[in-house]
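Here are my notes on this model, as numbered points. Please keep the structure open while reading.

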Amino acid sequence: MFYEIVPSDDVAIISEAATLTYKDLAGYVDKIKSVISGRTLAFCLCENSPGSVVSYLGYLGSKVVPLMVDKKIDRDLLKHLLEVYKPEYIAVPDEIRDEFTEFEGVAEYLSYTLMRSKTPEPVELHPDLALLLTTSGSTGSPKLVRQTYTNIQSNAESIVQYLEITSDERPVTTLPMNYTYGLSIINSHLQAKATILMTDAPMNMKTFWTFMKDNKATSFGGVPFTYEMLKKLRFFKMDLPDLRYMTQAGGKLSPELHHEFATWASERDKKFIVMYGQTEATARMGYLPAEKSIEKFGSMGFAIPGGKFILIDVNGNEITEPETVGELVYDGPNVTYGYAEKREDLAKGDERGGRLITGDMAKRDSEGFYFIVGRKKRFLKIFGNRVNLDEIDQLIKAAFDNIECASSGVDDHMKVYITDESKCDEIRKWLSETTHLSESAFDVVYIEAIPKNEAGKVLYKDLP
């Protein structure tokens with residue numbers, strides 16, 4: 001198990017504040033385990049730091065079930081989650097521990113404080129339950145994904161296998177630890193006994209690139225927004241001799257950007273690996289091997305080791321013909337047990353049976369490579385024509401140099417939100433010409449910024 005730390009002098013974590021060997025890591029984890037009273041529920045307010053990782057590993061090692069949330073989480077939402085789930089423990093950065101007056105400190109380590117409720121309440125937990133994460137874009141709901149020990153361990157092992165991660169790797173953190181993709185990078189590299197470079201500095205800051213270069217980072221991961229930003233930061237002109245590979249997940253990258261980054265990587269003997277996943281499948285379900293990244297750009301590849309994809313039609317029948325769009329279904333040991341929306345749900349067992357109906361629409365080519373075409377619910381009927389909103393967003397970004405945009409609407413009336421006021425009329429006319437539909441079907445609206453969560457995913461429900 002990746003969270004059963006074997007002490008050694010190999011370096012486990014490097015941050016701006018501390019360097020920890022696996023022996024150090026094991027010692028801090030043992031400190032947490034020594035003060036935990038038994039199997040129960042806990043919260044961890046996360047940041048990309050050694051203290052946050054130690055809290056997470058201490059919980060797992062104690063068979064305590066943690067909910068991972070961002071330390072910057074909206075305080076009203078945090079209050080709601082605390083009221084609904086009533087955790088016995090909470091691990092927080094020292095600078096905010098005074099906010100939690102209903103808890104008292106029981107351990108301090110690496111600028112974190114582990115606190116115990118002054119009025120703990122017993123909780124019934126399913127014996128397989130290991131971890132709780134919020135769903136993607138979940139900002140106003142206590143709906144959580146229930147992950148098991150088998151889920152997180154099998155996914156970590158699969159990622160190590162298909163990315164060929166070794167103890168020589170040095171990934172740098174670019175995604176929040178409470179986000180399933182960011183957490184999977186930590187899990188898989190701990191599994192391989194690699195060295196994790198931890199920083200909370202954003203990629204658009206010079207301090208991030210200085211930290212990355214000084215510590216010879218070999219890889220990083222990013223969502224589509226990450227790669228859109230990197231292009232604007234003139235990433236293609238950077239000299240990064242230690243970088244070996246980049247991964248992308250968290251949504252569909254535009255085919256044009258996929259091709260650009262794949263080409264850049266190939267020309268420099270590096271790897272660009274596009275992946276596919278959801279919190280409901282622990283982290284990852286599909287990947288496109290780097291050697292196919294240019295030939296199959298736009299594809300998310302095929303299922304990870306141990307998993308399987310199929311496509312189904314509207315009646316639930318399997319689609320076997322190539323180039324036929326259907327709903328993507330995944331089978332594998334990393335499929336989670338289901339959701340929790342209240343404390344009592346933490347006792348529930350497996351509600352999925354190892355099968356996840358993803359809600360994504362996809363097609364498979366004649367060689368078995370899958371292409372995501374959009375979300376099942378992200379379609380409108382415009383004057384009788386079925387329009388894929390995700391495809392519209394991608395087309396606009398490609399035609400207008402990756403302009404920030406997001407579309408929504410109702411049947412016969414699509415709204416497109418953009419961040420460049422001068423382009424509103426031009427994009428509306430372009431949409432009409434491209435789709436061969438009347439301009440009256442489109443309303444292009446200027447807003448200052450596209451609402452996104454901490455992982456860079458568009459929050460469609462927060463659009464005006």
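1. In which sense do E24 and E25 pair, and over how many bridges? E24 and E25 pair in the antiparallel sense, over six bridges. Strands pair if DSSP finds at least two bridges between them. Helices (H or I, at least four residues) and strands (E, at least two) are DSSP runs, numbered from the N terminus. Within this pair, Gly409 has Met414 of E25 as its bridge partner.

2. A word on the basis. This is a predicted model: local features need pLDDT of at least 70, side-chain atom pairs count only at pLDDT 80 or more, and totals for chains, interfaces and linings use all residues. Residues are numbered from 1 along each chain as its sequence is written, and side-chain values use heavy atoms, with hydrogens and water left out.

3. Now the sheet around that pair. Three strands form an open sheet in the order E24-E25-E26, with mixed pairing. Strand E24 (405–410) and strand E26 (442–446) are at the edges; each has a single partner strand, so one side of each has no neighbour in the sheet. From one strand to the next, the twist averages 20 degrees. Angles run from 0 to 180 degrees between N-to-C directions, and axes are lines fitted to C-alpha atoms, for helices over the stretch in contact.

4. Two helices belong to this picture. Helix H9 (residues 389–399) packs on the sheet and touches E24 and E25. The direction of H9 makes about 145 degrees with that of E24. Helix H10 (residues 424–435) lies across E25 and E26, and runs at about 150 degrees to E26.

5. Look at Met414, in strand E25 (residues 413–418). Met414 counts as buried because its relative accessibility is 0%. Buried means under 20% relative accessible area, exposed over 50%, partly exposed in between (1.4 Å probe, protein chains only). Leaving aside neighbours within four places in sequence, Met414 is in contact with residues including Leu380, Ile382, Val387, Leu389, Ile392 and Phe442. Contact means heavy atoms within 4.5 Å. Ala441 is 27 residues from Met414 along the chain, yet their C-alpha atoms are separated by 6.1 Å.

6. Strand E7 (residues 112–117) has two partners to check. Strand E5 (residues 89–93) runs antiparallel to E7, joined by five bridges. Here Ile90 has Met115 as its bridge partner. Strand E6 (residues 103–109) also pairs with E7 in the antiparallel sense, over six bridges. Phe103 stands opposite Ser117 in that strand. How covered is E7? Five of its six residues are buried.

7. Two hairpins deserve a look at their turns. The hairpin of E6 and E7 has two residues between the strands, and Leu110 there takes a positive phi near 45 degrees. Strand E20 (residues 355–364) and strand E21 (residues 370–375) pair in the antiparallel sense over five bridges. Arg364 has Tyr370 in E21 as its bridge partner. The hairpin of E20 and E21 has five residues between the strands, and Gly368 in the turn has a positive phi of about 90 degrees.

8. Check the backbone at some other sites. Most residues other than glycine have a negative phi. Lys216 has a positive phi near 55 degrees, and is found in the loop between helix H6 (206–214) and strand E11 (219–222). Lys216 counts as partly exposed, at 47% relative accessibility. Asp269 has a positive phi near 60 degrees, in the loop between helix H8 (255–267) and strand E13 (271–276). Asp269 is exposed, with a relative accessible area of 74%. Glu164, which follows H4, has a positive phi near 55 degrees.

9. Last, helix H4 (residues 149–163) and helix H5 (residues 180–191). Why is H4 described as largely enclosed by the rest of the structure? Because 12 of its 15 residues are buried. H4 and H5 pack at an angle of about 75 degrees, with their axes 8 Å apart. They are therefore roughly perpendicular to each other, a label for angles of 65 to 115 degrees. The contact is made by Gln153, Ala156, Glu157, Ile159 and Val160 of H4 and Ser184, Asn187, Ser188 and Gln191 of H5.

How values were computed:
Angles under 35 degrees count as roughly parallel, over 145 as roughly antiparallel, 65 to 115 as roughly perpendicular and the rest as oblique.
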